Amino acid sequence: MTDSLLFVNILCGSVLVGGSFFSVWVLRPTLRAMPARDDLELFRRVSSRVEQYMPITGLLVPVTGIAVLLIDRDVDAAWVAMAVGTGLALLSVALLPFDLPIAKRLNAMQLDALDEVGYARLSERRDRFHLLHLLLGSGTLALSIVSALLR
Amino acid sequence: VVDALRFVNLVCGALVAGGTFFSIWALRPVIRELPPAEGLDLHQRTSQRVEKYMPLSGLVAGLTAIAILVVDRDLDAVWWITAGGLCLTLLNITVAFTFDLPVTKQLNAMSRTDLDQAEYNRVSDRWDFFHIVRAFFGYGALMLFTIAALLE
């Protein structure tokens, strides 16, 4: 049971971290180099597709992490690694109330009358949150793998 | 040593599989919806950055799998599952170099100013097909490597 949960945890973590890294390393620098209007329009389109799978995988990581901790209560090094990793995943979820309002404001911006300075400022803040999510997600994945290897 | 190799193997496998899925699911459909010249432009720009890390990650995942098999010579289920993951990784690399790379080169060599739209659509279809095939190999390998890590 624990192995199955860890399997789902690591796979979902991989989808999340691999996708977030692609977004932070490949997509955002490419779109930032484009005119603000194109950047906003393309990012909106990509985001609508990302939202079809990333929130679910993002939710499954802490849920399976908590399930592993509850089922296997032997507090050894593997358990502690899993607990810290799950803590990082929950921290990432806890950031959403700060992150989502920025996304909403960006989505509400009008393409035809775009305030480029305001867009650049908000876009930079969103990118910083994405980087933070990537770092926390990477920590979670790394610790889940360590926990799996220590068992 | 085997644990350290497995750690690197899974992290690199995650970068490849997660990045490929993001590309196939989120980015490519948007690129295909754009007018061909704009789609080609976005594809060329993103490809340049993808090439800076994805081939290296795939290569390291394969090399660490080989190293695990060489270091841990106990031919049990874990060894065979790791070997299965390595086979899928090698298939992924083979498809990448044999079919995918020439198609990518074709797309990167296309000019946005005098773009043959029919040719662009044909080559893009092939690019998408090979990436879906590679995503299956990448995820298959990652699953097998994860199972091996859990069973060890």
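B:Arg112 counts as partly exposed, at 42% relative accessibility. The side chain of B:Arg112 meets that of B:Asp41 in a salt bridge, with a distance of 2.9 Å from N to O. The model that shows this pair is a predicted one. Over all chains, the structure holds 18 salt bridges, and the count between chain A and chain B is 1. The area buried between the two chains is about 3300 Å².

**Chain A**

- Chain A has 6 helices and 0 strands, and from the N terminus on its elements run α-α-α-α-α-α.
- The C-alpha trace of chain A spans about 60 × 25 × 20 Å along its principal axes.
- Of the 151 residues in chain A, 50% are buried.
- The accessible surface of chain A comes to about 7300 Å², and carbon and sulfur atoms account for 67% of that surface.
- Among contacts in chain A with a separation of 6 or more, 78% are between residues 24 or more positions apart.
- A:Glu124 lies in helix 6 of chain A and counts as partly exposed because its relative accessibility is 48%.
- The C-alpha atoms of A:Glu124 and A:Arg32 are 9.5 Å apart in space, although the two residues are 92 residues apart in sequence.

**Chain B**

- Chain B has 5 helices and 0 strands, which follow one another from the N terminus as α-α-α-α-α.
- Along its principal axes, the C-alpha trace of chain B spans about 60 × 25 × 20 Å.
- Buried residues make up 53% of the 152 residues of chain B.
- Chain B exposes about 7100 Å², of which 69% is supplied by carbon and sulfur atoms.
- Of the contacts in chain B between residues at least 6 apart in sequence, 80% join residues at least 24 apart.
- B:Ala61 is placed in helix 3 (residues 54-71) of chain B and counts as buried, because its relative accessibility is 5%.
- Apart from residues up to four places away in sequence, B:Ala61 touches B:Asn9, B:Cys12 and B:Gly13.
- A separation of 8.4 Å lies between the C-alpha atoms of B:Ala61 and B:Leu86, which are 25 residues apart along the chain.

**Interface between chain A and chain B**

- Contacts across the interface involve 35 residues of chain A and 36 residues of chain B.
- Carbon and sulfur atoms give 77% of the area buried between the two chains.
- A:Phe22, A:Arg49 and A:Leu149 supply 20% of the area that chain A buries against chain B, more than any other three residues.
- A salt bridge joins the side chains of A:Arg45 and B:Glu33, at 3.8 Å from N to O.
- Between chain A and chain B, 3 residue pairs are in polar contact, with both residues at pLDDT 80 or more.
- On the side of chain A that touches chain B, the elements giving two or more residues are helix 1 (2-32), helix 2 (36-50) and helix 6 (116-150) of chain A.
- Helix 1 of chain A gives the most to this side, with 18 residues.
- The residues of this side divide into 25 nonpolar, 6 polar and 4 charged.

**Salt bridges within the chains**

- B:Asp128 is found in helix 5 (residues 117-151) of chain B and, leaving aside neighbours within four places in sequence, is in contact with B:Arg28 and B:Arg32.
- The side chains of B:Asp128 and B:Arg28 form a salt bridge at 2.6 Å, N to O.
- Because B:Asp128 lies in helix 5 and B:Arg28 in helix 1 (residues 2-33) of chain B, the pair ties together parts that are 100 residues apart in sequence.
- B:Asp128 is buried, with a relative accessible area of 16%, and B:Arg28 counts as buried at 4% relative accessibility.
- The B:Asp41 and B:Arg112 side chains form a salt bridge at 2.9 Å, N to O; B:Asp41 lies in helix 2 (residues 36-50) of chain B and B:Arg112 in the loop between helix 4 (77-109) and helix 5, so the pair ties together parts that are 71 residues apart in sequence.
- B:Asp41 is buried, with a relative accessible area of 13%, whereas B:Arg112 counts as partly exposed at 42%.
- In the salt bridge between B:Asp100 and B:Arg134, the closest N and O atoms are 2.5 Å apart.
- B:Asp100 lies in helix 4 of chain B and B:Arg134 in helix 5, so this pair ties together parts that are 34 residues apart in sequence.
- B:Asp100 counts as buried at 3% relative accessibility, and B:Arg134 is buried with a relative accessible area of 18%.
- In chain A, salt bridges that share partners join A:Arg28, A:Arg32, A:Asp39, A:Arg126 and A:Asp127 into one network.

How values were computed: Residues numbered from 1 in each chain as written. Chains lettered and ligands numbered in written order. Predicted model: local features only at pLDDT ≥ 70, side-chain atom pairs only at ≥ 80, totals over all residues. Heavy atoms only, no water. Contact = heavy atoms within 4.5 Å. Buried area = accessible area lost by both parts, 1.4 Å probe. Salt bridge = Lys/Arg side-chain N within 4 Å of Asp/Glu carboxyl O. Polar contact = N/O pair within 3.5 Å; in protein donor to acceptor, adjacent residues only side chain to side chain. Helix = DSSP H or I, 4+ residues; strand = E, 2+ residues; numbered from the N terminus. Nonpolar A, V, L, I, M, F, W, Y, C, P; charged D, E, K, R; others polar. Buried < 20%, exposed > 50% of the residue type's maximum accessible area, 1.4 Å probe, protein only. Areas by Shrake-Rupley, 256 points an atom, 1.4 Å probe, with all protein chains shown as cover.
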